[in-house]
Amino acid sequence: MKPINQSLIQRPAWKALAVHHQQVAKRHLRELFADDARRGERLTAEGAGLFLDYSKNRVTDETLQLLVQLAKDSGLRGRIDAMFAGEKINLTENRAVLHVALRAPRNATILVDGKNVVPEVHAVLDKMSGFADRVRSGAWKGHTGKRIKHVINIGIGGSDLGPVMAYEALRHYSERSLSFRFVSNVDGIDFVEAVRDLDAAETLFIVSSKTFTTLETMTNAGSAREWLLKGMGGDRKAVAKHFVAVSTNAEKVSAFGIDTANMFGFWDWVGGRYSMDSAIGLSTMLAIGPDNFRLLLGGFQAMDEHFRTAPFEGNLPVLMGLLAVWYNNFFGAQTVAVLPYENYLKRFPAYLQQLTMESNGKHVMLSGDNVAWDTGPIYWGEPGTNGQHSFYQLIHQGTRLIPCDFIAFAHALTPLGRHHDMLLANVFAQAEALAFGKTAAEVQAEGTAAALVAHRVFEGNRPSNTILAERLSPEILGALVALYEHSVFTQGAIWNINSFDQWGVELGKALAQRIIPELESKALPKLNHDSSTNNLIRRYRKMKGTK
């Protein structure tokens, strides 16, 4: 579809929001709740097993109406339809954006260039399932006949963050006779520590690189092959029984020593940060099994359908995306804190960092013109209750406005005494404290010394969402990830940017390729960088003992 040409800040809804903000910014959440006894019940929405309470946001009914109108004026409905139809909405790479096809049911039809891609998706899923069953049952043996006990995923970016997050999130459902480790960093420590205590004869590597040329991934894969061969007495035939590939480059996969029968493909209409439910999720399937993996896909698909069909007024991803725009562009909030009160989700904020900031960290519109508004807030966070004892101080009493997303579950996967009630009490208490705070009068009434009153005041009026689900299951994890995927999409549509390319990661990678030989050469080469970079290269060469 064609980009929306009208400047965002010239749209009537944007202008109305700018005026409206001046009024709402003066109102406190205490007042908003006092004026509407049912606010906490009204400003909620449900979909795909998730319950969203967004009542503790600094919004009125008029705010929400204007934000929804902004979404309509920005062509959000058309962009949603275009994505699901397989149109090439990634304009800079002339590609469709079809992570939604990865979880479509078998009988669905999603066309790319006139071809239904759903059968290909399920063919790969079936191939993954067969392989996972063989490894999990012990039918797949290593080169010496030993059963596989350890799986190491080698990737970076979306080929690592998604699998790591999913494994940690769903560890409760994992096969405990298998251990799973993840190598991404080109820092040698990452690989050395991953294999330090393993037997090569019992170890399987998954190398995830679409082109099989990714510098960090292939460097680590090369080290893994050397480690394996050392443990196998140099028998190169061992590689085929201890390595599989997630790639589309059969020639390079074969040259590496991997049997292309054990190569699992994916497509250029899947971006790396949207790929955890493709073959990139092979380690996830090995951990939780094919049945649970398909439940994960079902959760994704349920949220996809909610996003595609629900009216914007009750659409979870749209509401969260619009609220992010509200704080980013009208309140000047630069970050969003994601705070899961579920230790299995400890890697979820790190996963969201790539999903959100690689997607919407853009300074030009679809047209190529510079934006005149802020895009891409910084997403960050840690699990509760740990964060309460570190950075919550800044959120409660600092000078910056930091909207928060609290994520919690009604049932613990590992019940233990009073722990879960205490955990959930903290979720509700933190959201309440952020919203309503504590006034000077309340502090004084507690008998606090006059000199300390100001220090103990909580201004409140700090906004938050609370997301509740029954329990952290494969389905709910899928719905939760898709919720944020589509919230990112919503934000990008409002800002009129391309959320599906990532040219910003290229320059540093290209310069590194130029610098590597300058660091490795025996004689100091002629350096043509800036004076700082030249000096650092010379200093490093001197420190490591070369001229």
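Mentor: Terms come before numbers. A helix axis here is a line fitted to C-alpha atoms over the stretch in contact, and the angle between two axes runs from 0 to 180 degrees between N-to-C directions. Also, keep in mind that this is a predicted model.

Trainee: Fine. What angle do α14 and α20 pack at, and how far apart are their axes?

Mentor: The angle is about 50°, and the axes of α14 and α20 are 8 Å apart.

Trainee: Parallel or oblique, then?

Mentor: Oblique. Angles under 35 degrees count as roughly parallel, and 65 to 115 as roughly perpendicular. At about 50°, α14 and α20 are therefore oblique to each other.

Trainee: Which hand is the crossing of α14 and α20?

Mentor: Right-handed, as α14 passes α20.

Trainee: Which residues meet there?

Mentor: From α14, the list includes Leu316, Pro317, Val318, Met320 and Leu322. Across from them in α20 are residues including Leu483, Tyr484, His486, Ile494 and Trp495. By class, the contact of α14 with α20 holds 11 nonpolar and 7 polar residues, with no charged ones.

Trainee: What about α5 against α20?

Mentor: Helix α5, residues 76–84, packs on helix α20, residues 474–495, at about 130°. Their axes are 10 Å apart. That angle makes α5 oblique to α20. The crossing of α5 past α20 is right-handed.

Trainee: And which residues make that contact?

Mentor: Leu76, Arg79, Ile80 and Met83 come from α5. They meet His486, Phe489, Thr490, Gly492 and Ala493 in α20.

Trainee: What does α1 do with α14?

Mentor: Helix α1 (12–24) and helix α14 (316–331) cross at roughly 80°, and their axes come within 11 Å. The two, α1 and α14, are therefore roughly perpendicular to each other. Trp14, Leu17, Ala18, His20, His21 and Val24 in α1 meet Trp326, Asn329, Phe330 and Phe331 in α14. That contact has 7 nonpolar residues, 3 polar and no charged.

Trainee: How does the lining of the largest pocket split by class?

Mentor: Into 14 nonpolar, 16 polar and 9 charged residues.

Trainee: And what volume has the second largest pocket?

Mentor: About 410 Å³. Of its 19 lining residues, the closest to the centre are Glu342, Asn343, Tyr344, Thr414 and Leu423. Helix α17, residues 419–436, gives the most to the lining of the second largest pocket, with 5 residues. By class, that lining has 7 nonpolar, 8 polar and 4 charged residues.

Trainee: Now the backbone. Where is the cis peptide bond?

Mentor: Between Gly384 and Thr385, with omega of about 10°. Thr385 sits in the loop between β11 (378–380) and α16 (392–397).

Trainee: Last one. What is the phi of Ala48?

Mentor: Positive, about 55°, although Ala48 is not a glycine. Ala48 lies in the loop between β1 (44–47) and β2 (50–53).

Key. Residues numbered from 1 in each chain as written. Predicted model: local features only at pLDDT ≥ 70, side-chain atom pairs only at ≥ 80, totals over all residues. Heavy atoms only, no water. Nonpolar A, V, L, I, M, F, W, Y, C, P; charged D, E, K, R; others polar. 1 Å grid on protein atoms, 1.4 Å probe; cavity = no way out; pocket = protein on both sides within 12 Å on 5 of 7 lines; lining within 4 Å. Points joined across faces, edges and corners; volume = space filled by probe spheres on them. Helix = DSSP H or I, 4+ residues; strand = E, 2+ residues; numbered from the N terminus. Parallel < 35°, antiparallel > 145°, perpendicular 65-115°, else oblique. Left-handed = near helix turned anticlockwise from the far one by under 90°. Contact = heavy atoms within 4.5 Å.
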